[in-house]
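Q: Can you take me through this model, feature by feature? I would like the general idea each time, then the case at hand.

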Amino acid sequence: MPPQLVAKWKAEGRYQQEVKELDAFFERTGYPRAPRFYIIKWLTDYITEFGIDGYRVDTVKHTEAYVWQEFRAACDYAFSEFKSNNSDKVLDDNEFYLVGEVYNYGVSSGKQFNFSDKEVNYFEPESFHSLINFEFKWNAKEMGYEDLFKRYSNVLQGDLKNYGTLNYLSSHDDGSPFDAIREKSYETANKLLLAPGTSQVYYGDESARALVIDSTVGDATLRSFMNWDAIAHNNSTKEVLLHWQKLGKFRANHPAVGAGVHQMITQSPYVFYRSYQNGDYKDLVVIGLDLDKGVKSIDVSKVFKNGDLVRDAYSEVSNKVKNGSLQIESNFNMVLLEKL
């Protein structure tokens with residue numbers, strides 16, 4: 001162990017206890033006393049003590065792939081132990097969640113990442129549940145809504161079945177964000193928050209925080225001060241933020257948005273639905289984009305029944321389905337429909 005750490009523990013009066021825990025860890029696992037296993041033990045202590053249920057792993061490529069299999073096994077054990085010892089704090093039956101940053105990985109390569117001299121599968125056996133997707137920003141630039149949504153639905157129901165992708169449109173170290181000058185804040189929200197997969201919202205995406213800052217060098221332009229004043233006093237910023245909040249809340253309330261199967265209903269006006277089922281749990285939503293303001297008549301016959309009371313979460317207007325159609329009157333050009 002590092003002598004500085006030994007000195008620190010002794011000064012704090014915890015040296016004997018820490019060594020005892022380490023001895024127990026290595027005896028239980030049979031791992032050799034290599035540095036990575038000390039680190040794994042200390043990282044999983046956060047799970048044991050606080051019930052942390054997931055990690056985002058940075059720079060995955062900086063160590064061998066098998067290390068993440070070892071790490072996953074240790075995390076799964078620690079999370080299981082936490083649940084066994086803290087039944088009153090268990091939220092659900094979900095497994096421990098690992099998402100990895102394999103720099104330049106994109107969903108086009110499926111489960112494989114190409115190192116030019118070899119390919120590595122970071123999903124199997126028993127490694128990451130999901131990887132950050134570096135190609136989503138390019139797909140969002142090149143594709144319209146339907147092509148984008150259909151592509152990611154197919155990927156997640158095909159090559160990445162039972163696994164996931166973490167999409168983003170701006171990030172702390174990506175010098176080519178989808179909308180650097182923040183001219184497409186509504187489109188950014190629509191494509192990121194309504195696309196199948198997991199969405200990473202970078203701070204300020206939701207408030208059009210500037211990503212082009214004069215006299216900055218390198219990544220500093222991506223890490224500017226949060227635009228709190230604009231959020232408080234600028235009406236257009238408030239409207240952008242409210243749009244992101246509405247979509248984010250709807251997404252959080254409906255697993256079908258991110259995890260469901262995508263199916264277009266009509267191309268013009270553009271309306272689609274998402275369907276999700278896990279055991280006895282079912283979730284269905286209908287979403288319409290680029291609609292006319294005012295009265296909107298939406299074909300919902302594939303999803304909702306006549307007489308169903310359906311709410312538009314965007315405008316908070318509700319109505320009953322008649323003849324397979326739902327009529328919503330609002331001053332907005334989109335709908336987020338859920339059955340009440």
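Q: How do the residues lining the largest pocket divide into nonpolar, polar and charged?
A: Ala, Val, Leu, Ile, Met, Phe, Trp, Tyr, Cys and Pro count as nonpolar, Asp, Glu, Lys and Arg as charged, and the others, Gly among them, as polar. Here the lining has 17 nonpolar, 16 polar and nine charged residues. The model is predicted: local features need pLDDT of at least 70, side-chain atom pairs count only at pLDDT 80 or more, and totals for chains, interfaces and linings use all residues. Residues are numbered from 1 along each chain as its sequence is written, and side-chain values use heavy atoms, with hydrogens and water left out.

Q: What is the volume of the largest pocket, and which residues lie nearest its centre?
A: A pocket is an open set of points on a 1 Å grid over the protein atoms alone, where a 1.4 Å probe fits, with protein on both sides within 12 Å along at least five of seven lines; lining residues have an atom within 4 Å of a point. Points join across faces, edges and corners, and the volume is the space filled by probe spheres set on them. The largest pocket holds about 1,400 Å³. Its lining counts 42 residues, with N94, Y97, N162, A259 and Y276 nearest the centre.

Q: Which elements each supply at least two residues to that lining?
A: Helices (H or I, at least four residues) and strands (E, at least two) are DSSP runs, numbered from the N terminus. The contributors are α4 (65–85), α6 (145–157), β6 (164–167), α9 (235–253), α10 (255–259) and β9 (270–278).

Q: Which helix gives the most to the lining of the second largest pocket?
A: α4 does, with six residues. α2 (15–29) and α3 (35–50) also supply at least two each. This pocket has about 350 Å³ and 16 lining residues, F25, R28, D45, T48 and Y77 lying nearest its centre. The lining splits into six nonpolar, four polar and six charged.

Q: How are α1 and α2 oriented to each other?
A: Axes are lines fitted to C-alpha atoms, for helices over the stretch in contact, and angles run from 0 to 180 degrees between N-to-C directions. The axes of α1 (residues 3–12) and α2 come within 7 Å and cross at roughly 125°. The pair is therefore oblique (under 35 degrees is roughly parallel, over 145 roughly antiparallel, 65 to 115 roughly perpendicular, the rest oblique).

Q: Which residues meet there?
A: With contact meaning heavy atoms within 4.5 Å, V6, W9 and K10 in α1 meet Y15, E18 and L22 in α2. Four are nonpolar, none polar and two charged.
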